[in-house]
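Take a look at the model below.

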Amino acid sequence: MDLDNNAHSVFLLHYHLVLVVKYRRRVFNKPISNRAKEIFEYIAPRYNISLEEWNHDADHVHIHQ
């Protein structure tokens, strides 16, 4: 477990992010989910984020950070 810190505190944050498609339309298939995951993994190091779990359904994606 890696703790993060700044000048006044030490902390460890975990997020559960759910991305829902407008009107819950069925747009997430395996190739689209994989591409979204690739983009997320590419951007994550810039913000010091580590991806722990990625799950998708036809109308939403669950991201655990």
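## A loop and its exposed residues

Tyr47 sits in the loop between helix 1 (30-43) and strand 4. Helices (H or I, at least four residues) and strands (E, at least two) are DSSP runs, numbered from the N terminus. Tyr47 counts as exposed, at 57% relative accessibility. Buried means under 20% relative accessible area, exposed over 50%, and partly exposed in between (1.4 Å probe, protein chains only).

Asn48 lies in that loop between helix 1 and strand 4 too. Asn48 is exposed, at 62% relative accessibility. Its phi is near 55°, a positive value in a residue other than glycine. Most residues other than glycine have a negative phi.

## About the model

This is a predicted model: local features need pLDDT of at least 70, side-chain atom pairs count only at pLDDT 80 or more, and totals for chains, interfaces and linings use all residues. Residues are numbered from 1 along each chain as its sequence is written, and side-chain values use heavy atoms, leaving out hydrogens and water.

## The core

Seven residues make up the largest nonpolar core: Val21, Phe28, Phe40, Ala44, Trp54, Val61 and Ile63. Such a core is a set of buried Ala, Val, Leu, Ile, Met, Phe, Trp, Tyr and Cys residues joined through side-chain atoms within 4.5 Å. In soluble globular proteins, nonpolar side chains tend to be buried together.

## A buried loop residue

Asp59 is found in the loop between strand 4 (53-57) and strand 5 (60-64). Asp59 is buried, with a relative accessible area of 9%.
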